[in-house]
Amino acid sequence: MMKLPDSLMNSLTNANGFNREAFEAVHTSGEQITSIRINPNKIKDNAVLPFTIDTLPPVPWTTNGYYLPERPSFTFDPLFHAGTYYVQEASSMFVEQALRQTTDLSQPLKVLDLCAAPGGKSTHLQSLISPHSLLVSNEVIRSRANILKDNIIKWGADNVVITNNDPAHFKPLTGYFDVILVDAPCSGSGLFRRDEEAIAEWSEDNVNLCCQRQQRILADIWPCLKEGGILIYSTCSFSQKEDEDIVQWMVEEYNALVKPLTLQAEWGIVAGENGYRFWPDQVKGEGFFLACLQKQTPEAEVAIKTKRKTESPAKSQLTGIQQWLAPAAAQQFIVHEQTVYAWSGMLLTQGSFLLDKLKVIYSGTKLGELMRDKLIPDHALAMNPALQGKIQSADLDHDDAIAFLQRKDIKQLPATKGWQLAAYKGHALGWMNVFPNRINNYYPKELRILKDSL
Ligand SMILES: C[S@@+](CC[C@H](N)C(=O)[O-])C[C@H]1O[C@@H](n2cnc3c(N)ncnc32)[C@H](O)[C@@H]1O
C-alpha cells in the first residue's frame, strides 16, 4: 500500500471522529469489502441469486444491500447482466436514509440526480421513489452518460429521464425539484483503500479545485430546488474543505437548513453539525460524507409550458406495438423518427417540457424500431418485465446464457421458434429470434461479454 499523503493526514487532525492510527491500519490491512444491492423490481425470490442472501450480513442502513464474503466474477454471472442486482459500495447506500428520513416517498416526487454516472445512486433512488415519481438522472460527460443509460435500462426502470447537461443548463427549471442529489466530483480520498492510484493522484491543489467546482455546481443547481425541498450533498472525500466547509458555505450563502438524521450507534457513522462521516476504520464501507440540506427560502416554480408536439404512432402501428406489452402497461407511445418510447406516470405531464429544456438522451422505456407496422423490440423492453405482455421466453443453462451474452453460438436451441426472450433462471437477458438450426442474437454488441473465460 502506498503511503497516505502527509498533508491530507495532517489536515484531518481535527476532523470529526478521525483516529489516525486506526485509519492508517485499515489502509494497510488489505481488507476489501464487496457489497451488492438487489433490484426489488426484478427479484421477488432471493433463492434465484447466486448468493445465499439469507446468510449474508445486510448493509444496515439500506433495505436491499448485502455484504458478500468475497468478490465473485460478476462478469460471468448472467443475473448480473439481467439487472437483478447492482454492485455498489456500502457507505454510498446511506443515501437511502437521507431520502427516507427527510421526504415522504409515498408522494409523487420530482427527483434530480445531478452527477449520476455510472448510476449506483440513481438505480437506488429509482427503487425508493414511487412509480408515480420522476427521476431525472444527469451526467455532464457524454461517454459517462451512455454508461449511465445502459445501467438505467438494465435496472428496468421506466420513470427515468436521462440527460447530458452541465449543471448551469438547469437554470430554467427554477423551483422544479422536490429532491436533488449532488454526489459531487471530488478528490476521491475516500476510495484510497480500494484504489491505490487515487493516492498517487491526490493533491492539495486538486482538493482546492474540487471545492471550487463543488460550490459552482451547488450554486447552479440550488435555484432548481423547491422551497422546503431537500438537497442531499455527498462526496467520497475526507477533506473538510469538500465536506463540512461546503455545507457551512451553503448555510451562510443560501440560508440552507442542515437536516439531522437518526443513526444507530452500531452503524459506526460519525454525526457532526454539518453532516455525516464514514471512516473506513469505523464503518463497514469506504470513506464517504453526506449532508441533507433543506431550502428555507421561497422559490418561484417554473410554469410547465411547452409547445412541443410529440409524435404518436399511426393507428395501424399500434397493434404491432401493443402485442409486446402488458395491457395498459404504458399510457403513451412517443415516436421519434422510427423509434418508439413508452411514457407513463409523471412523464405524461413532464416529458415534453423536459425535452424542451434539457438535452434528453433517453426517457421512459425504448420499446423498439418501427418497420412498417411491425415493432422490432429493443433491449430496454427485454429489461423491463413490468411492461412486457405474454412473451415467449426460453430459459438457458449457465453456459448458454454466457454464450448468449458473448454473442456466441448457443448449444441447446430452444424448441419454440421465432422472437423470444433469452432468459436465465426466469430473468430476461435479451432478445433472440430462433430458427430451426440457429438463433439471431439481438443482445447489444456494445454490451457483450468480451472475455472468453474467468
Ligand atoms: C462521484 S461521481 C458520481 C457517482 C454516481 N453518483 C454513482 O453513484 O454511481 C461524480 C460524477 O460527477 C461528474 N462531474 C464531473 N464534473 C462535473 C461538473 N462540473 N458538474 C457536474 N458533474 C460533474 C463526473 O463525470 C462523475 O460522473
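A: Let's start with the shell around the ligand: its residues split into 9 nonpolar, 3 polar and 5 charged. Here Ala, Val, Leu, Ile, Met, Phe, Trp, Tyr, Cys and Pro count as nonpolar, Asp, Glu, Lys and Arg as charged, and the others, Gly among them, as polar. Keep in mind that this is a predicted model, where local features need pLDDT of at least 70 and side-chain atom pairs count only at pLDDT 80 or more, while totals for chains, interfaces and linings use all residues. Residues are numbered from 1 along each chain as its sequence is written.

So who is in that shell? The ligand is surrounded by 17 residues, and the closest are Cys 115, Gly 120, Lys 121, Asp 183 and Pro 185 (a residue is near a molecule or strand if its C-beta atom, placed from the backbone, lies within 6 Å of it). At least two shell residues come from each of helix 5 and helix 8 (204-221). Helices (H or I, at least four residues) and strands (E, at least two) are DSSP runs, numbered from the N terminus.

Helix 5 (residues 120-128) packs with helix 4 (residues 95-102) at an angle of about 35°, and their axes are 10 Å apart. Those axes are lines fitted to C-alpha atoms, for helices over the stretch in contact, and angles run from 0 to 180 degrees between N-to-C directions. On the helix 4 side you'll find Val 95, Glu 96 and Leu 99, meeting Lys 121, His 124, Leu 125 and Leu 128 of helix 5; residues are in contact if their C-beta atoms, placed from the backbone, lie within 7 Å. That contact has 4 nonpolar, 1 polar and 2 charged residues.

Zoom out to the domains. The chain is assigned domain 1 (6-294) and domain 2 (315-447), with bounds from an automatic or database domain assignment. Their centres, taken over C-alpha atoms, are 30 Å apart. Domain 1 puts 32 residues into the contact and domain 2 puts in 34. On the domain 1 side, helix 3 (78-81), strand 5 (134-138), helix 6 (142-155) and strand 6 (160-163) each give at least two residues, and helix 6 has the largest share with 5 residues. By class, this side of domain 1 has 15 nonpolar, 12 polar and 5 charged residues.

One is open, with 4 antiparallel strands in the order 13-14-16-17; two strands pair if DSSP finds at least two bridges between them. Strand 13 (332-336) and strand 17 (374-377) are at the edges with a single partner strand each, so one side of each has no neighbour in the sheet. From one strand to the next, the twist averages 35°. Strand 14 (residues 339-343) is joined to strand 16 (residues 365-371) by 4 bridges, and Thr 339 has Glu 369 as its bridge partner. Helix 10 (residues 315-322) lies across strands 13, 14, 16 and 17, at about 35° to strand 17.

Another open sheet also has 4 strands, in the order 18-19-20-21, but with mixed pairing. There the twist averages 40° from one strand to the next.

Technical notes:
Contact = placed C-beta atoms within 7 Å.
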